[in-house]
Structures are given as structure tokens and as C-alpha cells.
Amino acid sequence: LLPLVTSIYPYIRYNYLPPIVSIRSITSNRHAITVRMTFLFFQYIITILLLILSFYFGKQLHFLLNTSPGYRTERILRAELLHENKNYLRSDTEEKRNERFARQDRIKQLLNECPHIEMWMNSHYSILRGGSICMLLNDQDTRQPMLTLFPSPQFFQLYDLKVLEGEIPQKFEGWSDYKMVLNKAAMKAMGYTRLEDAFVRSESPLWISVSEKGEMEEGGTKLMPVVAVIDDYYPSHLTEGIKPMAFVVGPGNSDFLIAVSPDKEKEVIEYLKKTEKEIYNTEDFTYTWLTDEVHKLYAQDRQTANIYFVFALIAIIISCLGLFGLSLFDIRQRYREIAIRKVNGAGMKDLYLLLFRKYIKVIGCAFVLAIPLAYYLIYMYTRDFVLKIPVDIGIYLAVLAIISFISSSTLIWQIHKAAQIDPAKIIRSE
């Protein structure tokens, strides 16, 4: 918008004035220089501001992508290998049910036989796919909302989650036999310091089960002992921080999560495609890598960094063009002054000091005003971030160095051209 505004003013001014008046005003009116210096001043504020934001969000993105979330992300594959009728509980006969179990057992057998698979599991959730906020209570009825997942026991081993206390259960009496595991943040939120004292229950049923008498039971509404405590990890975007988490551990039966051996990703994908072809006679194989899922978490951060970078580059070009045009116009008007100073013994150093002074003030004032504005914008954008990098002085120094180099190069080239002119010719022409 700024170049548009700067174009409208001279268009209206000089389009409706007689040509001779326009020419005279250009050569004699110093007001035009002042107006253009003002526009250049605002251009530099915008340019410096965008450069600071570009540097900051670039560093923020690098920080997010290179900070460990607290769990394993490399070579973990989520594969949708089961292609069963969703309404099988209602429509299955005993024969069909046996066939379905046979297909699932065959898939598990083939996964165990693959030499390139470190381990695999069935789980209701990937580490980034799910969980819901449930209201849990401790033995003192203190209420605490928690992110609640229903993983299988292998979940903790697959993602290399560290067990701080207790032991993750491996055996269950039935499909509705669940055990409670908390992370360190949840233990603190519930007011527990020892595993032996930790008991939690849910305000509403976590699951519905059928007793031996055929009666419906609401699982999780009674106090359950906490059997293990794991170390904290970031369950979503790092800027959201650590959350209190509850893990209702039980037998899983959903997507397959697979840990792949190093450099064997292609072989495993081909093996799984053949497995699906053999079991279901289909090539509709869907899978995702955990690293890609984590990568998607920061898509908006990446977009923000790219937007600021592109617009900062455009702003630099516009500012350079504005500085180039203004300095050319200004220095051309001072040819006679330059010639007289050269006749009186002025050297290149004196000319640089003479002509640089005005523009250095403009750039310096723009930089001073842009610093607090940039800091405020960064603060407002990141005020809800739990994890963020500080706005250090290195960013400001880097931006100052870039602006100084570009501006100095433009001005030096202009002044060098002006200094090459023969003073005698200039004085005679004047």
C-alpha cells in the first residue's frame, strides 16, 4: 500500500499542473524532498519491523522442530490394516466372527515374522491422535480435568516413554480390565507425591462393561489405584506445554502402530501392502509416519515464518528502490555543491559524510521506532505460548547489519557516480 500512496501524490500533483510549473517545482521545491524522506522513513520502519519478525519466527520454528517432544518420533508407522465391517457386533454370525478373528491373527502372525519390524501394537490412539478431556477426582474428591488416553501396554515401550514409578501392566483378565497410569504432571495436579497413595476415579464412566451376572457396569467411576507414573512429554504442539495426563491401559484393538528398523522403511511398506493384499485382497493401503504427523503440527508456524520472510524481502526491495530514487534525485540537485566542494579540496570521505548524514538519521530513527513495535507484536502473538524463544539482541543486531549494508551499498554507488563528474563541466553548465 505504501508504494501506491507514494505514487498517488505525485500523479495528482503533476498531472493537473502546467508542465512548466511542474518542472520548476521539481527543481526548486525542497518540500518534495521532505515528503519523500517521510515516506522513506515509514518504508524503513516497515522493512525493519518485517525483518525482525522474520528472524524471530524463523528461529522460533527452528526451535520447535529441533526440540524433543519427550517421546520417540523416528521410524514409527501407523497402518490401517484392518478392513472389517463396522457393524460386525450386530450382523456377525459365529462363523463370520471366527473368520474375522482368523484374519486378525494372521495379520499379527505376519507382523511377527517380518525381520524389519522392531515391534508393533494395536492401540486406540497414536500419541498425537486422540485422547479426550475427562474430569478425574482423587481420594479427596479434588476435581482435575485431564487429557485421557486408552492405550495398550506396548504404547509406552513403542514411544520410549520413561516409567518413573511402578510398572506398566502387561496382562489383563478381560477386555474391560483397565489399569490407571498417570504422568508426573497429573500426580502433581492431584496432590500426590507417592505412588502408593495415588487413587483416582472418574466423574462419568470411562467405559461400560458387562458383569458375570449380565449387568451393565460403569468402569472408572470407583477409585482405581495408580499402578505406574511416567515422565512428562508434550502431547501436542510444544507451545501448549506439558499437560496432566491419565492413561487407562488395557487390551488395544484398532490401528497398527509399528516401529521400523533403521533404513528399512521401504521394505516394510512393501511387506504391509503384500499382507493386506493376501488377507483382504485389496490395495487400499493407508499409512502415515509419525514424523509427518509431527511435521503437520507446525504447518502454521512454518507458514508464518515463510510469510514474514517473503514480505520482508519485498519490503527490502521497495525500500531500496525508494532510497535509490530519492538519493538520485537529491544528489542530482546537489551536483553544483559537490563540484564546488571538490574544487575546494573535498575528498571522497568528506562527500560521504556530507551526503550520508541525512539518510543515516532517517534509518536510525526508523530502527529505534521499529524495535519496541516489533517486541510488542511478538509479545502479543506469543503471549499464550508456554514454550518460546526470547527476543534476544542478536536478532536486532542482525537486522541492523542487513539494513546498514543494503542502504550503504546503495548510497555509496550513488555518491561514487556523483564524485566522478568533472567539477568544471558542472560549474559551466550551471
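**A buried loop residue and an enclosed strand**

Ile127 is found in the loop between β2 (117-123) and β3 (132-138), where helices (H or I, at least four residues) and strands (E, at least two) are DSSP runs numbered from the N terminus. This is a predicted model, in which local features need pLDDT of at least 70 and side-chain atom pairs count only at pLDDT 80 or more, while totals for chains, interfaces and linings use all residues. Residues are numbered from 1 along each chain as its sequence is written, and side-chain values use heavy atoms, with hydrogens and water left out.

Leaving aside neighbours within four places in sequence, Ile127 is in contact (heavy atoms within 4.5 Å) with Tyr71, Phe155, Tyr159, Leu161, Tyr233, Pro235 and Leu290. Leu290 lies 163 residues from Ile127 along the chain, yet their C-alpha atoms are separated by 8.7 Å.

Strand β1 (residues 76-80) has 4 of its 5 residues buried, so it is largely enclosed by the rest of the structure. Strand β1 runs antiparallel to β12 (residues 255-260), to which 4 bridges join it, and Ile76 stands opposite Ala259 in β12. Another 4 bridges join β1 to β13 (residues 286-289), again antiparallel, with Ala79 opposite Tyr287 in β13.

The chain as a whole has 14 helices and 13 strands, and 41% of its 430 residues count as buried. Among contacts between residues at least 6 apart in sequence, 81% join residues at least 24 apart.

Key: Buried means under 20% relative accessible area, exposed over 50%, partly exposed in between (1.4 Å probe, protein chains only). Two strands pair if DSSP finds at least two bridges between them.
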